[in-house]
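Here is a short briefing on one structure. Look it over first, then read on.

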Amino acid sequence: MTDALAIARELLRCPSVTPADAGALGVLERLLRAAGFEVHRVTFSEPGAADIDNLYARIGDTAPHLTFAGHTDVVPPGDVAAWSHDAFAGEVADGVLYGRGAVDMKGGIACSVAAVLDYLAANGGRPKGSISFLITGDEEDVAVNGTVKLLQWAAERGEKFDHCVLGEPSNVEALGDCIKIGRRGSLSGTLIVDGVQGHVAYPQRAANPVPEIARLITALSDDPLDHGNEQFPPSNLEFTSVDVGNAATNVIPAQARAKFNIRFNNQHSVETLRSLIEQRVAAAVSAGRLKARIEWLPSNSGAFVTKPGPFTDLVVAAIEQVTGRRPKLDTGGGTSDARFITHYCPVIEFGLVGQTMHKVDECTPVADLQQLTAVYRGVLDRYFA
Ligand SMILES: [Zn+2]
């Protein structure tokens, strides 16, 4: 049995804080080449961003093609003195592996590699189809030289994926409690109300944007965007700041601004959502000298869902057999690279337990690494059966 713990420790010892690779992809390249994979290292560039190293490895040349996706970059350790174990030493204490990336997501990658190597060893060294790894070093920061470009690069080579397992830490409390089958989209904007500046003693000569923006904030917050559906909770608009920037007590300000973010389900696209909000603002704004508008931030995160079916069923079966838990099919939480992969093939996310990700003393029980490896191994057996 190939040891996920040994692979994870080797990965954790590479301090691959985005954009550094620090040897992490080389660990995977060596293991996968030795197992017969064709391995490509691809570097992507973008003005104003660091060059990033990525890896694509494939074995087999027929369908079905199952790809394991992930990222080897990690967030910074923060206050290193606050860690009880060195963030980049891969130490094990009392059956727990410590280190930045232990759960997000070097541990998950180690389990997928260990499971695939074990599957190949048990099946004459070749899959009954194709297995690949899509691994980026650019997920945790601006993510411009990572999965998006790697997927485009692979498509230009003629690579076709049938299904993808992304090993992000999907579980909430215990291994097996949650598979992510989709994600909500995210859209941010600023509501701007322009009035007319003036002396507070002569309000008839001014138009005050402050009460107006308060009314618009209430109107936009109170009116539901939808009522949710089988896969998703209702979409939610949250105001995050209100700014007037007025230091004087005797001046009616010219402008008021309020920032908001919307986490939305698959009943909207970025475009339909923008026009819905703009319509609501236009309908709620007072007649007269006040003008309201919205400045949108660009968004590349639409909502998506991988509909439950044979693929999710086989992953659920593998999880249940190993962990005894029946996972919830969930779409909560933030965004991930799955939002890009979904344009190429159905994708689900299943990895370690996310509780310590991005925290001091990020860690995972070694037992979870063993169980996750067994789950992935079960997925491979069922997928290529
Ligand atoms: Zn991650």
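Which residues coordinate the zinc ion? His71 (NE2), Asp104 (OD), Glu168 (OE) and Glu168 (OE) do, at 1.9 to 2.7 Å. Donors here are N, O and S atoms within 2.8 Å of the metal (3.2 Å for Na, K and Ca); water is not among the atoms, so sites may look incomplete. This is a predicted model: local features need pLDDT of at least 70, side-chain atom pairs count only at pLDDT 80 or more, and totals for chains, interfaces and linings use all residues. Residues are numbered from 1 along each chain as its sequence is written, and side-chain values use heavy atoms, with hydrogens and water left out.

- Along the chain, the donors follow the spacing H-x32-D-x63-E.
- His71 lies in strand β3 (residues 65-71) and Asp104 in the loop between β5 (96-98) and α3 (106-122), so the pair ties together parts 33 residues apart in sequence.
- Helices (H or I, at least four residues) and strands (E, at least two) are DSSP runs, numbered from the N terminus.
- His71 and Asp104 are both buried, that is, under 20% relative accessible area (1.4 Å probe, protein chains only).

**His163**
- Strand β7 (residues 163-166) holds His163.
- Beyond its neighbours within four places in sequence, His163 is in contact (heavy atoms within 4.5 Å) with residues including His65, Phe311 and Tyr383.

**Sheet**
- Three strands form an open antiparallel sheet, ordered β4-β5-β19; strands pair if DSSP finds at least two bridges between them.
- β4 (92-93) and β19 (363-365) are at the edges, each with a single partner strand, so one side of each lacks a neighbour in the sheet.
- Val92 stands opposite Leu97 in β5.

Definitions and conventions
Buried means under 20% relative accessible area, exposed over 50%, partly exposed in between (1.4 Å probe, protein chains only).
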